[in-house]
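Try each task before you read its solution.

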Amino acid sequence: MIIYDLIKSGKMPPPECAKTLGFELIDYCPDRLEIHVAFEGRETFTNPAGNIQGGFISAMLDDTMGPALVFSLPPTQFAPTLELKTQFIRAAKQGRLEGKGRVISRGRQICYLEGELYQDDTLIAKATATAMIRDLG
């Protein structure tokens with residue numbers, strides 16, 4: 001059984017970090033390794049200007065791209081992020097944000113990911129990442 005099936009069935013809870021970000025799985029396509037998710041930009045995530053602080057935006061993008069890969073793995077494997085590059089396009093406000101992510105290249109260990117974060121159908125930020133598939137334990 002893959003991690004996606006375990007989370008979807010409720011046999012495996014989402015990680016605490018995903019819960020903190022208000023993670024919601026909207027859709028996942030295992031054939032294309034693409035995912036559509038949502039997050040809740042909370043007041044506690046804002047900077048003094050009232051915008052969602054960039055670190056939270058990066059975390060949301062990491063939690064968009066990562067599951068696109070991790071959901072395809074067995075529970076004995078994980079894929080930590082080795083490198084993450086975020087490009088901030090616009091400021092994000094409190095409220096719902098939606099992420100779209102995909103695996104653009106999957107090797108035996110090294111994988112390349114990309115994703116975008118939207119608010120009200122407007123691009124807020126985009127990112128690329130490198131992840132490594134590892135056995136747990």
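**Exercise 1.** Find which residue of β7 stands opposite Tyr118, and work out how β6 and β7 pair.

*Solution.* Start at Tyr118 and look across to β7: the residue opposite is Leu123. Keep in mind that this is a predicted model. Next, follow both strands: β6 (residues 110–119) and β7 pair in the antiparallel sense, over ten bridges. Then check the turn: β6 and β7 form a hairpin with two residues between them, and Asp120 in that turn has a positive phi of about 55°. Last, see what sits over the ring of Tyr118: the charged end of Lys100, 5.8 Å from the ring centre.

**Exercise 2.** Which strand pairs with β7 over seven bridges?

*Solution.* Look for β4 (residues 81–88), which pairs with β7 (residues 122–132) in the antiparallel sense. As a check, Glu83 stands opposite Thr130 in β7.

**Exercise 3.** Decide whether the rings of Phe23 and Phe39 are stacked or edge-to-face.

*Solution.* The whole structure holds three aromatic pairs. For this one, the ring centres are 5.9 Å apart and the planes meet at 65°. Angles over 60 degrees count as edge-to-face, so that is what this pair is. Now place the residues: Phe23 is in the loop between α2 and β1, while Phe39 is in strand β2, so the pair ties together parts 16 residues apart in sequence. Phe39 is buried, with a relative accessible area of 1%.

**Exercise 4.** How are the rings of Phe45 and Phe56 arranged?

*Solution.* The centres are 4.2 Å apart with 10° between the planes, and the pair is stacked. Phe45 is buried, at 4% relative accessible area, whereas Phe56 is partly exposed, at 26%.

Conventions:
Residues are numbered from 1 along each chain as its sequence is written. This is a predicted model: local features need pLDDT of at least 70, side-chain atom pairs count only at pLDDT 80 or more; totals for chains, interfaces and linings use all residues. Side-chain values use heavy atoms; hydrogens and water are left out. Rings of Phe, Tyr and Trp (its six-membered ring) pair if their centres lie within 6.5 Å; planes under 30 degrees apart count as stacked, over 60 as edge-to-face and the rest as tilted. Helices (H or I, at least four residues) and strands (E, at least two) are DSSP runs, numbered from the N terminus. Buried means under 20% relative accessible area, exposed over 50%, partly exposed in between (1.4 Å probe, protein chains only). A charge sits over a ring if NZ of Lys or CZ of Arg is within 6 Å of the ring centre and within 35 degrees of the ring normal. Two strands pair if DSSP finds at least two bridges between them.
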